[in-house]
Amino acid sequence: MIYLDYNATTPLCNHAREAMLPYLDRQFGNPSSVHAAGREARASIDNARDSLAAFLRVKPHELIFTSGGTESCNLAVLGLARCPSSRGGHVISNKAEHHAVLNALEYLEKRENFEVTWLNVSENGIVDLDQLASSIRPGTQLVSIMTANNETGVIQPMREISQICRERGVLLHSDMVQSFGKIENDISLVDAASFAAHKFYGPKGMGFLFLRSGLSIQPIMFGGAHENERRPGTENVAAIAGTAAAAEWTLKEKQREQEREKGLRDELCERIAQIFPEAHQNGDPVRCLANTLNVSFTGIGSETMLMALDLEGVCASSGSACMVGSVVASHVLLAMGLPMERASSAVRFSLGKWTTAEEIANAGEAIERIARRLNKTDGAYIVA
């Protein structure tokens, strides 16, 4: 199997697995208990929080542990938007966001009388900064713009976005789920940021939210007083320990690894261009994560191409892996103004630490075999 879907999830690294094992066995105490077993578990959580805070250059109490990226985004969007008033308000985002943000905002829009301004996105996937500046008004409570897109890898100009929000006194949340461990995330630019462990070789079902000191947030779940009364529920001690270990492992030699992945990604892009001359790379080719390649195979539906790749032993996707196996036209590419034919023929290849040059070569050969089969079927593609 050639796994080229690291943006969907990453394998658990040994460093994280080893950090988790004690809390799946002997050290099983509830971290809220006052006895020795509970204190042992609590110490692990405190140590992990301290480590993650140091990596992000933030204060430990500014991190809230959650069940993953979706909950982190929901808590930020719903919790911050609802703070100033119990009903109604104004928030700003764009239609190329992950559904964890999109659906939360649409809920506020439909059910709680919020007004949402949806920013335009360029053909390259960049939000309209002029529109952002002109859309902010006295009643604007929150702007939510993801740092790097999970489907195209496009990196937003967060420094400029932050400056616009700061000058106008508006809170800024960013979904940093895909960008952590791949680029420098300057947390000082935002008021809240969402993360998910399984995107950087940590365990699934684990995430955290950065919330700047002094900001209030409305909880979206109710129960105990965990996480300083911001997110109730007994903490997943093993997963928290694994998350901190995975972050440490991922950030080691990050720059060198990203350069390596970029070289492999560019090699794959060149191979596809030779095999499918009519293929289109989607998103800004420069302001893009080093590991991500989104390509539209014009005339071939995403599902058809993904099935053909799967038969060849190549794992890829059509975009977000959060739509329960469905293959539909990419909402991100449609938000970028691309035609339906191009949005419905897109495939995302995403590389990671275990991707090799041999795998890229073999993936290229697999794509060439697919092209030959399609050529026999309808004569649409000819490979020299």
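Predicted model: local features only at pLDDT ≥ 70, side-chain atom pairs only at ≥ 80, totals over all residues.
Residues are numbered from 1 along each chain as its sequence is written, and side-chain values use heavy atoms, with hydrogens and water left out.

**Aromatic pairs**

I searched the whole structure and got nine aromatic pairs (ring centres of Phe, Tyr and Trp, the last by its six-membered ring, within 6.5 Å; planes under 30 degrees apart are stacked, over 60 edge-to-face, the rest tilted). Y201 and W249 have ring centres 5.3 Å apart and planes at 75°, so they pair edge-to-face. Y201 lies in the loop between β7 (192-196) and β8 (207-211), and W249 lies in helix α8 (residues 237-251), 48 residues apart (DSSP runs numbered from the N terminus: helices H or I, at least four residues; strands E, at least two). Y201 is buried at 6%; W249 is partly exposed at 26%.

I then returned to F276 and F297: centres are 5.1 Å apart and planes at 80°, so this pair is edge-to-face.

**Cluster and charges**

I traced ring pairs linking Y3, Y6, Y201, W249 and W354 into a cluster. The charged end of K353 sits over the W249 ring, 4.7 Å from its centre (NZ of Lys or CZ of Arg within 6 Å of the ring centre and within 35 degrees of the ring normal). K95 has its charged end over the W118 ring, 4.1 Å from the centre.

Notes. Buried < 20%, exposed > 50% of the residue type's maximum accessible area, 1.4 Å probe, protein only.
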